[in-house]
Each structure stands twice: as C-alpha cells, then as structure tokens.
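Hi,

Here is the structure I promised to pass on. Have a look through it, and then read my notes on the aromatic rings below.

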Amino acid sequence: MVEAAWGSNPQFADGLSYRFVRSEGRAFPAGRCLIPASEFQLRVGDKRYRVTLDGGNHFYLAAIWEPAMRDWPLSYRVVTVAANPEVAPYQERHGAIIHRRQVMQWLDRTVPEIDLLETPPARTFIVEEIIESPRQAALAL
C-alpha cells in the first residue's frame, strides 16, 4: 500500500485536476490500482449520505494511478460507472466497485474491463443519511 494524491496532474488538463474517469469506452491496460473502502459518501445540497455494501463488507474502488512528476505527487483517479438503483436518486455515477474476489482480476488484467466495470445490481448498497450530533455540528462552526 502506498499514499497517493487524489486527482490528476493539472498541467495536462488546462490547469484542472480530475478526480474521476468514466469507464465507458475506455481500456485501462496499465496503471490499475485499488482504493480500499468500507463506504463512500454523497452530498446532495446540505445533506450527506453514507453508502455501504448491503452485507457490510469492505470493497475496493477501481482506480488508475499516475506517476509523480516534478511538483505533482504520485496520484490516482477513481473509475466511475453509471449509478445503481440505490444511488441513482442522489447522483448519476459512482466509483466502480471491485469485490475482494475480483482484486487480482483487476490488477492482473485477467478479465476484460467491460466484465468488471459494471453498474452493480439493485439491492447492492444501503444508503443512509449522515446525521451530525449537536456536538459535531458545534465543532464544525
């Protein structure tokens, strides 16, 4: 495991750093990596939501890494897919989920991207609103 910055080197994108890359129509023959996760979060207006796998297991987000260059550190972008039915009411896309049994398939490229970078079926996720306690809200001020 290594530490890396989240976002692409802006010198190659008119000064913008991109955190995500769409999976559709793309091949990822090199630079594949995984981001371990137990949840991801969504923000809709002032509300925040936590998204976990229905069984509570941890998972990985498919990503691609870019080497460090001059003033920009080793970095990565999360690969996205169309949102599944539980996430779709909140946003159009989310990170591509790689289950533990698929780790080596993604890293070793033994399975084509199209077979791994799929929108998860219904009932894959649980979406819960994150409610801050009064103490947390006071600390945020």
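First, a term: buried means under 20% relative accessible area, exposed means over 50%, and partly exposed is in between (1.4 Å probe, protein chains only). Keep in mind that this is a predicted model, where local features need pLDDT of at least 70, side-chain atom pairs count only at pLDDT 80 or more, and totals for chains, interfaces and linings use all residues. Residues are numbered from 1 along each chain as its sequence is written, and side-chain values use heavy atoms, with hydrogens and water left out.

Now the rings. Rings of Phe, Tyr and Trp (its six-membered ring) pair if their centres lie within 6.5 Å; planes under 30 degrees apart are stacked, over 60 edge-to-face, and the rest tilted. Searching the whole structure turns up five aromatic pairs. One of them is Trp6 with Tyr76: the centres are 6.4 Å apart and the planes sit at 5 degrees, so this pair is stacked. Trp6 is in strand E1 (residues 5-6) and Tyr76 in strand E7 (residues 75-82), 70 residues apart. (Strands, E, at least two residues, and helices, H or I, at least four, are DSSP runs numbered from the N terminus.) Trp6 is partly exposed at 34%, while Tyr76 is buried at 14%. Together with Phe20, they form one aromatic cluster.

Another pair is Phe28 with Trp106, which is tilted, with 6.2 Å between centres and 55 degrees between planes. Phe28 lies in the loop between strands E2 (20-22) and E3 (32-37) and Trp106 in helix H1 (residues 103-108), so the pair ties together parts 78 residues apart in sequence. Trp106 is buried, at 0%.

Cheers
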